[in-house]
Amino acid sequence: MTADNAIILVIEDEWSSRRFLTEALSDIAKVRCVASASEAYTVLSESSDDVAVVITDIIMRGQSGLDFLSYLRNDLGRRDLPVIVHSAHGGPEMERMAFENGATEFLTKPVLLPELRQRVSALFE
């Protein structure tokens with residue numbers, strides 16, 4: 001898949017973070033933002049082949065990012081889909097839990113723009 005037709009799926013319940021991620025990444029690939037894991041499942045069912053990268057927050061209303069990640073990997077069988085987890089509640093324990101649930105990358109908020117862009121771009125190489 002090339003970045004031309006790829007989608008970066010952002011799961012983030014805070015509007016300002018969705019806007020930041022869209023502006024930061026829209027020149028790498030199309031960015032599709034949703035506010036919850038349930039909305040992400042809809043996008044994945046409609047555009048599964050085009051979703052190249054998922055970026056998810058951990059602490060969200062409803063289902064958490066870790067629960068989403070576990071469901072994505074175990075129930076949907078999407079072990080190949082790169083997932084970047086980002087959270088304001090970083091730390092070794094949260095990072096360990098993210099990787100145990102199948103995260104590809106972990107970033108602590110506030111996310112530094114150059115690091116975010118580098119990590120996402122690397123997933124398209």
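Me: Two strands pair if DSSP finds at least two bridges between them. What makes β3 and β4 a pair by that rule?

Reply: Helices (runs of H or I, at least four residues) and strands (runs of E, at least two) come from DSSP and are numbered from the N terminus. β3 and β4 are joined by four bridges in the parallel sense, and the rule asks for at least two, so they count as a pair. Within this pairing, T56 stands opposite V85 in β4. This is a predicted model, in which local features need pLDDT of at least 70 and side-chain atom pairs count only at pLDDT 80 or more, while totals for chains, interfaces and linings use all residues. Residues are numbered from 1 along each chain as its sequence is written, and side-chain values use heavy atoms, with hydrogens and water left out.

Me: Why do β2 and β5 stand at the edges of the sheet?

Reply: The open sheet has five strands in the order β2-β1-β3-β4-β5, with parallel pairing. β2 (30-34) and β5 (105-108) each have a single partner strand, so one side of each is left without a neighbour in the sheet. On average, neighbouring strands are turned by 20° against each other, direction ignored. Such angles run from 0 to 180 degrees between N-to-C directions, using axes that are lines fitted to C-alpha atoms, for helices over the stretch in contact.

Me: Which strands does α2 touch as it packs on the sheet?

Reply: Contact means heavy atoms within 4.5 Å. α2 touches β1, β2 and β3, and its direction makes about 160° with that of β1. Helix α5 (residues 113-123) packs on the sheet too, touching β1, β3, β4 and β5, at about 170° to the direction of β5.

Me: Why is E12 called buried?

Reply: Buried means under 20% relative accessible area, exposed over 50%, and partly exposed in between (1.4 Å probe, protein chains only). E12 has 0%, so it is buried. K109, at 18%, also counts as buried.

Me: What makes the meeting of K109 and E12 a salt bridge?

Reply: A salt bridge needs a side-chain nitrogen of Lys or Arg within 4 Å of a carboxyl oxygen of Asp or Glu. For K109 and E12 the N to O distance is 3.0 Å, so the pair qualifies. K109 lies in the loop between β5 and α5 and E12 in the loop between β1 and α1 (15-25), so parts 97 residues apart in sequence are tied together.

Me: How do you know that R19 and E23 form a salt bridge, too?

Reply: Their N to O distance is 3.6 Å, which is within the 4 Å limit. Both lie in helix α1, four residues apart, about one turn of the helix. R19 is partly exposed at 43%, whereas E23 is exposed at 55%.

Me: How many salt bridges does the whole structure hold?

Reply: A search finds ten. One of them joins R96 and E100, with the closest N and O atoms 2.4 Å apart.

Me: What makes a group of residues a nonpolar core?

Reply: Its members are buried Ala, Val, Leu, Ile, Met, Phe, Trp, Tyr and Cys residues joined through side-chain atoms within 4.5 Å. The largest core here has 23 residues, and L9, I11, L44, V51, V54, F68 and V85 touch the most other members. Another core, of 17 residues, lies apart from it, with L21, A29, A52 and I55 among its members.
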